[in-house]
Amino acid sequence: MSKLKHFLVNGALFCLVSLMLVGAAEAALRLMGHEAPGYVTKEIYGNVNLLYLPNSRTQWHGNMGQALEYATPITTNSITQFDREHATDKPTGVYRVLMVGDSYVEALQVPLEQGFVRLVEDAINRDPDIAGSGRRVEVIKLGGSGNGAIREYELLMNYGMKYQPDLILDFFTDSNDLRDDWHYYRRKTGLEVYQHVNLRPPAASYEKLDFYKKLLVFPQSRLNRWIAFEATQWRDRRARQADDVASWKENLGAYAIAGSPRFADEAAKWAEAFRLTAGTHLKMSQEALKVGARYAVVFNDRPQVYRSDAY
């Protein structure tokens, strides 16, 4: 009996100490303001599994199939952009530049103030012709990983135009934007069920979300949410690495050599993709003219080697 009593007392003490440690960890997370990363569904962006809610805080983890390279703290604004909040009414003396694009513009791999959008804005406003003049340039991000021109047009019309831009810069990634547009158009029109051939069907992202939710015994607990997130990341690490490698190979490797057999086999596809992309950029330039804004396309990738006429 004494052994059983001893065992029960030790068990009770262990449970008590464990609860105290868990409570202390929860309190520490709240005192330090650490919000756990949040999983949401795929409605905001079209092709990324880890997404963000408006006005949320999370982290973006990246490894590109190798060891962890970055874990960037992400804070989104009211339109789910990794950017600070911008008033819709344009202040007097402000020249607004809207930068539209894909992952280059979104730049989840670096802290917000180190992204080129913020660096460009800061550099312009420090220029002697601007500083102290009462004028200011405000640069607004509208980017999403995997976006092509079609998705950028949708974001521009749904969100961007309300900021009354004076200049719209659309960043064109020549290595994959044509392909992104081709798949995005076909997915929207029901011609295919994948946006990219290397991505899982849409249902797979909800499977990841379901696993995450099963671990949320206490959804309001920051500690529980951190544990659920890290466990989900660990479970999916191999699949994530495989997707990263496949994405780079599919988007860059196959078309890197001019005149490759794959280019010849898919000539009709690329002609259609070019029509979709070019036509969408023309639509964006026309919408810019309607509101008195200038429009330009920025080639932010290397010169094309697989479609020189498009470049």
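# Notebook: loops, helices and confidence

**Entry 1: Q164.** I began with Q164, which is partly exposed, at a relative accessible area of 37%. For the cut-offs, I noted that buried is under 20%, exposed is over 50%, and partly exposed is in between (1.4 Å probe, protein chains only). Q164 sits in the loop between α4 (149–158) and β5 (167–172). Its phi is near 55°, which is positive, and Q164 is not a glycine. Most residues other than glycine have a negative phi.

**Entry 2: what I am looking at.** This is a predicted model, so I noted that local features need pLDDT of at least 70, that side-chain atom pairs count only at pLDDT 80 or more, and that totals for chains, interfaces and linings use all residues. Residues are numbered from 1 along each chain as its sequence is written, and side-chain values use heavy atoms, with hydrogens and water left out.

I looked up the elements next. The protein has 10 helices and 6 strands. These are DSSP runs numbered from the N terminus: helices are H or I with at least four residues, strands are E with at least two. The protein has 311 residues, and 45% of them count as buried. I then checked contacts, meaning heavy atoms within 4.5 Å. Among contacts with a separation of 6 or more, 67% join residues 24 or more positions apart.

**Entry 3: T80.** I found another positive phi at T80, about 65°, and T80 is not a glycine either. T80 lies in the loop between β2 (70–75) and β3. Buried or exposed, I asked of T80? T80 counts as buried because its relative accessibility is 4%.

**Entry 4: L112.** I moved to the loop between α2 (103–106) and α3 (116–126), where L112 is placed. L112 is buried, at 19% relative accessible area. Which residues does L112 touch, leaving out those up to four places away in sequence? I listed F82, D83, R84, R118 and K141. I also checked L112 against D83: they are 29 residues apart in sequence, and their C-alpha atoms are 6.8 Å apart in space.

**Entry 5: helix α5.** I checked the length of α5, residues 177–188. The expected span is 1.5 Å times one less than the number of residues. For the 12 residues of α5 that gives 16 Å, and the end C-alpha atoms are 16 Å apart, which agrees. Of these residues, 9 are buried, so α5 is largely enclosed by the rest of the structure. I wrote down the buried ones: D177, L178, R179, D180, D181, W182, H183, Y184 and R186. After α5 comes G190, with a positive phi near 80°.

**Entry 6: α4 against α5.** Helix α4 is mostly covered, with 8 of its 10 residues buried. They are A149, I150, R151, E152, Y153, E154, L155 and L156.

How do α4 and α5 pack, and at what angle? The angle is about 70°, and the axes are 7 Å apart. Axes are lines fitted to C-alpha atoms, for helices over the stretch in contact, and angles run from 0 to 180 degrees between N-to-C directions. The two helices are therefore roughly perpendicular. The classes are: under 35 degrees roughly parallel, over 145 roughly antiparallel, 65 to 115 roughly perpendicular, the rest oblique.

On the α4 side I found A149, I150, R151, E152 and E154, which meet D177, D181, Y184, Y185 and K188 in α5. By class, this contact has 4 nonpolar, no polar and 6 charged residues. Nonpolar covers Ala, Val, Leu, Ile, Met, Phe, Trp, Tyr, Cys and Pro; charged covers Asp, Glu, Lys and Arg; the others, Gly among them, are polar.

**Entry 7: T277.** T277 lies in helix α10 (residues 267–290). T277 is buried, at 2% relative accessible area. Leaving out residues up to four places away in sequence, T277 touches A149, F172, D177, L178 and D181.

**Entry 8: α1 against α7.** Helix α1 (residues 2–32) packs on helix α7 (residues 222–235) at about 95°, with axes 8 Å apart. That makes α1 roughly perpendicular to α7. V22, A25, E26, L29 and R30 in α1 meet R222, L223 and W226 in α7. I counted classes here too: 5 nonpolar, no polar and 3 charged residues.

**Entry 9: confidence.** I finished with pLDDT, the predictor's confidence in each residue, from 0 to 100. The mean is 77, and 73% of residues reach 70 or more. Strand β3 (residues 94–101) is highest at 97, and helix α9 (residues 261–265) is lowest at a mean of 57. Over residues 40–50 the pLDDT is below 50, and this stretch has 43 contacts in the model beyond near neighbours in sequence.
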